[in-house]
Amino acid sequence: MSLRRGCSVGALSGLALLAACAAPPPAPAPALAPAAAAPVVQIKPDPLPVTPVPVPQVVIVQSPPQPTPQQPPLPAAPPVNEEEQQALALLVDLQRYAVEAGEDLRRELAAANLALTRSRSDANRMRLAMLLTLPTAGPPDDARALSLLEPIVGRSGNASPMKQIASLLHAQITERGRSVREEQRKTAVAQEKLDALRAVERSLLLERSRNAGGGGGGGGGGTGR
């Protein structure tokens, strides 16, 4: 009896298992529709009381404007002094005369004479005076050179450049004339001494000749006795 119940129970269990395997799987449960989103209520907090903070007054101190550096003004060109220009040109000519050859100086002398006849300016006077003192330009004529310079040297007023050059030339010519005269005087004195020595020599020779002639005559007379 017990065996039969066991068999019956086992058979029933196996049938139940087979039925479970043969039965279709249960349908999935329908998905629940999403619930409507609840409205979000934003709660604004009460504004906090704001206490104004005192702002210190800002004082802007502006420095005084610095002066803009300016370029120094260019120096004004000095006015052209015509007399100084003539004096510089004259000095250049005088230096050139000191090194030129004789033929060139003779042409310069002729040109200076012609220029003086056209304009009796100070520069023309001094050029001609300088050339008249150069032996290579022709026979020196210091007297005429000094006469050309004397009106400039004797001019009253401040010592202008032209007057300074004329004074220098006048002093040189005067000193050279003095030296020449001194040399001539020395030469004349030496010549006088030489002439005196020659006169003494002639006198001695003449005296010797006389003595020699007188002695020969006296000896001949003694012999005749």
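## Close-up views of a predicted helical model

**Figure 1. Overall make-up of the predicted protein model.** Residues 24 or more positions apart account for 56% of the contacts (heavy atoms within 4.5 Å) in the protein that have a separation of 6 or more. The structure is a predicted model, in which local features need pLDDT of at least 70 and side-chain atom pairs count only at pLDDT 80 or more, whereas totals for chains, interfaces and linings use all residues. Residues are numbered from 1 along each chain as its sequence is written, and side-chain values use heavy atoms, with hydrogens and water left out. The protein contains 6 helices and 0 strands, where helices (H or I, at least four residues) and strands (E, at least two) are DSSP runs numbered from the N terminus, and the pattern along the sequence reads α-α-α-α-α-α. Of the 225 residues in the protein, 17% are buried; buried means under 20% relative accessible area, exposed over 50%, and partly exposed in between, with a 1.4 Å probe and protein chains only.

**Figure 2. The contact of α4 with α5.** Two packed helices are described by the angle between their axes and the distance between the axes. The axes of α4 and α5 come within 8 Å and cross at roughly 155°; axes are lines fitted to C-alpha atoms, for helices over the stretch in contact, and angles run from 0 to 180 degrees between N-to-C directions. The two helices α4 and α5 are therefore roughly antiparallel to each other, a term for angles over 145 degrees, with those under 35 counted as roughly parallel, 65 to 115 as roughly perpendicular and the rest as oblique. The contact is made by D122, R125, M126, L128, A129 and L132 of α4 together with R144, A145, S147, L148, L149, P151 and I152 of α5. These contact residues of α4 and α5 divide into 9 nonpolar, 1 polar and 3 charged, where Ala, Val, Leu, Ile, Met, Phe, Trp, Tyr, Cys and Pro count as nonpolar, Asp, Glu, Lys and Arg as charged, and the others, Gly among them, as polar.

**Figure 3. Burial of helix α4.** Because 11 of the 11 residues of α4 are buried, this helix is largely enclosed by the rest of the structure. The buried residues of α4 include the charged D122, R125 and R127, and also among them are M126, L128, A129, M130, L131 and L132.

**Figure 4. A salt bridge between R155 and D122.** The closest N and O atoms of R155 and D122 are 2.9 Å apart, in a salt bridge, defined as a side-chain nitrogen of Lys or Arg within 4 Å of a carboxyl oxygen of Asp or Glu. R155 lies in the loop between α5 (142-153) and α6 (161-224) and D122 in helix α4 (residues 122-132), so the pair ties together parts that are 33 residues apart in sequence. D122 is buried, at 18% relative accessibility, whereas R155 is partly exposed at 39%.

Figure 5. In helix α3 (residues 102-118), E103 and R106 are 3 residues apart and so separated by about one helical turn, and their salt bridge brings the closest N and O atoms to 3.0 Å. Both partners are partly exposed, E103 with a relative accessible area of 45% and R106 at 42%. In helix α6, E175 and R178 also lie 3 residues apart, about one turn of the helix, and their side chains meet in a salt bridge of 2.5 Å, N to O.
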